[in-house]
Amino acid sequence: MESPSYSSQFEPPDAPREPILTLPGALTAYVVLIAAIHLRVLLPAELENWTIDVFGFIPKRYDSTLLNITFPGGAGAKVWTFVTYSLLHANLSHIGFNVLWLLPFGSALARRFGPVRFFVFMAVTAVAGALAHLVTHEHAIAPMIGASASVSGAMAAAIRFAFVRGSFLSFHRGDADAAAKVPALSLARALRNPRVLGFLAVWFGVNIIFGLGSISIGTDGASVAWQAHIGGFLAGLMLFSLFDPVPRATPHTADASAPDETGRV
């Protein structure tokens with residue numbers, strides 16, 4: 001029998017291979033759910049339209065003066081559509097746009113909140129977006145669909161800790177889990193942070209441009225429900241503390257724009 005070679009005896013074991021893209025399980029499940037629901041486009045046109053009418057958010061459904069129009073779904077649809085509309089999308093580009101923004105902001109939020117808090121948070125911000133759309137489109141009969149209000153809420157919540165030193169948008173960050181769990185800024189301190197204010201200015205500016213210009217997205221020419229975006233965003237920004245399990249930052253916690261121990265910014 002041949003003895004094993006010296007090199008084989010002392011060859012180090014293979015290092016575990018890291019996946020190219022690691023997403024928290026909650027966000028992966030959310031994206032898979034949206035993709036699975038989008039398979040409704042394979043249904044006959046009549047059934048697909050019925051699905052949109054039953055699960056999409058239609059402001060006219062809540063019109064107390066409505067007499068002769070009956071919407072599918074009955075009284076139950078007046079409740080569940082505040083959330084279910086956010087799981088429906090017009091086309092793949094619509095899904096892709098929302099997922100693109102969820103990759104950085106949603107990942108950080110899902111890691112921080114955990115699955116239950118994350119899913120409840122996405123539902124609450126969807127409700128806020130639907131309420132904002134209802135107030136501004138009281139008699140609209142066209143269904144609103146898409147996760148943009150929830151995505152906007154996730155972005156707003158994430159900026160409460162995104163620019164803190166060590167977080168995922170900081171220049172001084174660690175691994176993904178640690179970066180998602182740095183202490184967050186209070187709402188008052190966040191609104192005094194120059195990076196947060198800059199982000200807010202750009203985000204609101206883009207949405208106002210979409211609204212004033214009546215810009216459409218996707219191949220179907222669907223207009224952007226920018227009021228719902230703002231409703232979800234404001235809800236995420238203000239309700240973040242109710243969901244956050246990480247203890248709040250002390251007044252002396254450094255943010256990403258403050259100099260570190262060596263004096264560098």
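Visitor: Is Thr84 buried or exposed in this predicted model?
Guide: The model is predicted. Buried means under 20% relative accessible area. Thr84 has 19%, so Thr84 is buried.

Visitor: Which helix holds Thr84?
Guide: Helix α4 covers residues 74–84. Thr84 has its place there, in α4.

Visitor: How far is the backbone oxygen of Phe55 from a polar atom of the Thr84 side chain?
Guide: A polar contact needs N or O atoms within 3.5 Å. The Thr84 side chain and the backbone oxygen of Phe55 supply the two atoms here. Their separation is 2.8 Å.

Visitor: Where does Asp53 lie, and is it buried, partly exposed or exposed?
Guide: Asp53 belongs to helix α3, residues 45–55. Asp53 has 26% relative accessibility, so it counts as partly exposed.

Visitor: What separates the C-alpha atoms of Asp53 and Pro72?
Guide: Along the chain, the two are 19 residues apart. Asp53 is also in contact with Pro72, as with Ile58, Arg61 and Pro143, leaving aside neighbours within four places in sequence. The C-alpha separation is 6.2 Å.

Visitor: What span should helix α6 have, and what do its end C-alpha atoms give?
Guide: Helix α6 runs over residues 115–136, 22 residues.

Visitor: Which helices do the buried residues of α6 pack against?
Guide: Buried residues of α6 include Phe118, Phe121, Met122 and Leu134. The buried residues of this helix pack against α2, α4, α5, α7 and α11.

Note on methods: Residues numbered from 1 in each chain as written. Predicted model: local features only at pLDDT ≥ 70, side-chain atom pairs only at ≥ 80, totals over all residues. Heavy atoms only, no water. Helix = DSSP H or I, 4+ residues; strand = E, 2+ residues; numbered from the N terminus. Buried < 20%, exposed > 50% of the residue type's maximum accessible area, 1.4 Å probe, protein only. Polar contact = N/O pair within 3.5 Å; in protein donor to acceptor, adjacent residues only side chain to side chain. Expected span 1.5 Å × (residues − 1). Contact = heavy atoms within 4.5 Å.
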